Amino acid sequence: MKIIIIEFIIYCIAIIGIGYYFSKRSKTQSDFLLGGKKLPGWALAFSERATGESAWLLLGYTGFVFMTGLSGIWVAAGIASGIIFSWLFLAKRFMKETDKYSILTLPDYLAVRFGKKANIIRWLTSLLIAGFLMFYVGAQMAGAGKMLFITFEWTPTTGIILATIVIIIIAFAGGFISVVWTDMIQSVMMVITLVALPIVAFFHLQSNDISISQSLVSAGSSFNSWFGGLTGFALGVLFFNNFAWFFGFLGGQPQLSARFMALKNDREAKHGSIVAVVWTFLAYGGAFLIGLCAIAMYDQGSFGDVEVLLPTMILQLMPPWIAGLLLAGVLAAIITTANSQLLVVTGSISEDIIHKAIGIKLTDKQLVWLSRIMVVLFGLIGMIIALVSESLLYLVVGWAWAGVGCTLSPAILMTFFWKRYSGAGVIATVVSGLLSTVLWISTPLEEMITSRFTTFFIALFFGIVFSLLFPDKKEKTSTSELTDEKAL
């Protein structure tokens with residue numbers, strides 16, 4: 001146990017040191033929120049993947065596969081499809097739009113594109129992001145509490161507080177640049193954990209003459225079926241509920257889109273896409289196999305909370321010095337995602353609301369310090385949410401995914417690819433997505449068809465309808481008006 005504690009301490013000191021080192025490079029608001037578009041594509045890809053996959057992948061998804069069996073593969077299939085689509089078809093577009101409009105955040109992009117309703121769009125999107133992502137941050141901190149409870153038998157409260165301190169220090173120090181480089185290290189540790197553990201688990205099962213296929217049959221009638229033993233409408237519901245994570249990856253997750261916006265050229269975007277796709281297959285394949293191995297190793301009902309499955313396996317199967325490194329990979333997932341989400345919330349409030357919507361004039365230095373203050377404030381709010389919430393990581397992250405990703409994804413797709421999309425359409429998209437998510441998760445409807453599916457299409461529908469009913473003025477008119485203003 002002493003070895004594991006020492007490795008944890010060294011790890012935390014190392015990433016805090018990296019954060020401090022890169023803090024010297026964050027001199028402007030652009031540096032603090034988007035890295036000044038100076039970072040290599042491969043580093044941004046590692047960061048985007050570490051940010052997208054958090055405690056919910058290592059703790060939540062592995063536990064989900066343990067409880068569902070082979071049908072849990074459709075979650076991974078939906079997510080992998082979304083990741084590949086976003087890197088191949090959206091990343092370069094985000095990069096070019098960022099250069100064209102000189103924007104730093106996702107709300108700012110939508111506001112600039114539909115200028116006549118800019119302030120309303122900034123307020124709505126910023127509050128949507130801040131509201132839902134704070135619960136996402138809280139979920140990461142709750143994951144830290146669970147992991148440290150299993151590892152060191154500390155109380156979850158102690159783990160949450162310690163994780164909050166590390167998260168705030170890194171984000172406070174260097175902003176986006178610090179987060180990306182610490183993400184890169186943590187992303188590598190995460191994939192090592194997800195690849196190494198199932199290999200060791202397979203050898204353990206083989207040496208004890210335990211069959212995964214037989215264990216799946218023994219676990220329950222649905223565990224050995226790729227479709228959960230369902231047919232007809234029930235099969236369709238299963239597929240959509242699990243595959244529906246795909247819709248949140250279509251440009252609407254601001255903490256992920258920020259990495260696309262930070263790309264500096266097509267070459268870096270290509271490098272990034274290769275790294276992201278390879279990482280995704282390794283990480284999700286490993287997490288799925290860990291869940292299957294766990295079904296063979298433990299009886300259903302062995303865990304009061306299945307989200308402690310992975311750290312339990314690590315401690316059981318690995319020597320202490322390796323266990324410490326792999327458990328640090330779990331902590332890495334928590335820290336990297338929480339950092340990125342804190343920066344997104346910070347940017348939404350400091351840049352989009354205080355600086356742009358309200359119009360308070362501040363120097364770059366003052367904006368950076370305002371952002372740092374917001375990091376501390378929202379970090380503490382996330383900690384409070386983690387301390388008082390009893391929700392499962394998988395559920396909380398799923399709700400946030402619907403509320404933010406599946407609301408803003410149709411807005412981004414229509415902005416990119418539909419010329420008739422209007423400012424009124426953007427407002428309708430955001431409002432309908434927000435309301436439908438809240439109403440859906442508050443009723444038994446969520447148990448029937450996930451809000452990750454319904455929110456996307458409800459928001460898409462209202463965006464189209466309101467754009468057709470309340471179109472913006474033609475582009476020619478807008479261009480001539482701008483020419484006249486410049487002449488004056």
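I looked up the accessible surface of the protein, which comes to about 19,600 Å² (Shrake-Rupley method, 1.4 Å probe). Carbon and sulfur atoms account for 70% of that surface. The model is a predicted one, in which local features need pLDDT of at least 70, side-chain atom pairs count only at pLDDT 80 or more, and totals for chains, interfaces and linings use all residues. Residues are numbered from 1 along each chain as its sequence is written, and side-chain values use heavy atoms, with hydrogens and water left out.

Next I recorded the secondary structure: 20 helices and zero strands (DSSP runs, H or I of at least four residues for helices, E of at least two for strands, numbered from the N terminus). Of the 488 residues, 59% are buried (under 20% relative accessible area, 1.4 Å probe, protein chains only).

I then turned to Ser273, which lies in helix α12 (residues 266–297). Ser273 counts as buried because its relative accessibility is 10%. Beyond its neighbours within four places in sequence, Ser273 is in contact with Trp87 and Leu88 (heavy atoms within 4.5 Å).

Last, I examined a helix pair. Helix α7 (residues 118–152) packs against helix α13 (residues 309–317) at an angle of about 25 degrees, with the axes 9 Å apart (lines fitted to C-alpha atoms over the stretch in contact, angles from 0 to 180 degrees between N-to-C directions). The two helices, α7 and α13, are therefore roughly parallel (angles under 35 degrees). In α7, Met147, Ile150 and Thr151 meet Pro311, Thr312 and Leu315 of α13.

Methods: Buried means under 20% relative accessible area, exposed over 50%, partly exposed in between (1.4 Å probe, protein chains only). Angles under 35 degrees count as roughly parallel, over 145 as roughly antiparallel, 65 to 115 as roughly perpendicular and the rest as oblique.
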